[in-house]
Amino acid sequence: MPIKRYGTVQTGAGGKALPFARAVEADGWLYVSGQVAMEDGEIIDGNIIAQTHKTIANVLAILDEAGYGVEDVVRVGVWLDDPRDFWTFNKIYQEYFGEHPPARACVQSSMMVDCKVEIDCVAYKKKDG
């Protein structure tokens with residue numbers, strides 16, 4: 001099965017080209033690169049609530065583009081800028097993943113861009129054929 005890459009031509013803050021794909025699919029597995037609360041190349045204003053909703057929406061949009069759903073997600077990685085945001089983040093996260101909880105790691109980390117949360121995931125969907 002060939003490898004399929006999604007979103008290889010993308011830009012980040014300041015219109016700079018990003019040297020990675022939004023997601024890569026191989027043999028039924030989809031690896032979604034870390035997503036932040038970015039819209040039109042810029043991080044949105046807002047607290048952990050607004051940024052979490054936008055970040056998860058970005059992840060879900062990539063899953064949808066590749067033909068996957070939240071029920072196909074098997075693992076999620078979460079990076080929070082401030083550990084005090086953990087419980088607020090969890091409440092919002094559960095709204096999206098509560099019915100189909102994947103394995104998850106969540107750590108506190110300094111971010112490479114000015115955001116409050118970053119999320120990546122791995123999804124699996126058996127392909128016909």
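Where is aspartate 128 found? In this predicted model, aspartate 128 belongs to the segment after strand 8, and with a relative accessibility of 82% the residue counts as exposed. Although aspartate 128 and glycine 28 are separated by 100 residues in sequence, their C-alpha atoms lie 9.3 Å apart in space.

An open sheet is formed by 6 strands in the order 1-2-3-8-6-7, with mixed pairing. Strand 1 (4–6) and strand 7 are the edge strands, each of them pairing on one side only, and the twist from one strand to the next averages 10°. Helix 1 packs on this sheet, where it touches strand 1, strand 2 (23–26), strand 3 (29–35), strand 6 and strand 8, and the direction of helix 1 makes about 25° with that of strand 8. Strands of a sheet pair through backbone hydrogen bonds, in either a parallel or an antiparallel arrangement. Strand 6 and strand 8 pair in the antiparallel sense over 7 bridges, and within this pairing valine 78 has isoleucine 119 of strand 8 as its bridge partner.

In strand 2, Ala23 and Glu25 make up the covered face, whereas Val24 and Ala26 make up the uncovered one.

Helix 2 (residues 86–97) comprises 12 residues and reaches 16 Å from its first C-alpha to its last, close to the 16 Å expected at 1.5 Å a residue. Helix 2 lies across strand 6, strand 7 and strand 8, and runs at about 155° to strand 6. The buried residues of helix 2 are Phe89, Asn90, Ile92, Tyr93 and Phe97, and the packing partners of these buried residues are helix 1 (48–65), strand 6 (73–80), strand 7 (103–108) and strand 8 (117–124). On the side of helix 1, threonine 52 has a relative accessibility of 0% and therefore counts as buried. When its neighbours within four places in sequence are left aside, threonine 52 is in contact with Phe89, Ile92 and Val117.

A search of the whole structure for aromatic pairs finds 4. In one of them, the rings of tryptophan 29 and tyrosine 124 have centres 4.7 Å apart and planes at 50°, so the pair is classed as tilted. Because tryptophan 29 lies in strand 3 and tyrosine 124 in strand 8, this pair ties together parts that are 95 residues apart in sequence. Tryptophan 29, at 33% relative accessibility, counts as partly exposed, and tyrosine 124, with a relative accessible area of 34%, is also partly exposed. A further pair is formed by phenylalanine 89 and tyrosine 93, whose ring centres are 5.6 Å apart and whose planes are at 35°, so that this pair too is tilted.

Phenylalanine 89 and tyrosine 93 are both buried. The two are 4 residues apart in helix 2, and therefore about one helical turn separates them. An α-helix has 3.6 residues a turn, so residues three or four places apart point the same way. Phe89, Tyr93 and Phe97 form one aromatic cluster. A corresponding arrangement occurs at tyrosine 68, where the charged end of lysine 125 sits over the ring, 6.0 Å from its centre.

How values were computed
Residues are numbered from 1 along each chain as its sequence is written. This is a predicted model: local features need pLDDT of at least 70, side-chain atom pairs count only at pLDDT 80 or more; totals for chains, interfaces and linings use all residues. Side-chain values use heavy atoms; hydrogens and water are left out. The expected span of a helix is 1.5 Å times one less than its number of residues. Buried means under 20% relative accessible area, exposed over 50%, partly exposed in between (1.4 Å probe, protein chains only). Contact means heavy atoms within 4.5 Å. Two strands pair if DSSP finds at least two bridges between them. Axes are lines fitted to C-alpha atoms, for helices over the stretch in contact, and angles run from 0 to 180 degrees between N-to-C directions. Rings of Phe, Tyr and Trp (its six-membered ring) pair if their centres lie within 6.5 Å; planes under 30 degrees apart count as stacked, over 60 as edge-to-face and the rest as tilted. A charge sits over a ring if NZ of Lys or CZ of Arg is within 6 Å of the ring centre and within 35 degrees of the ring normal.
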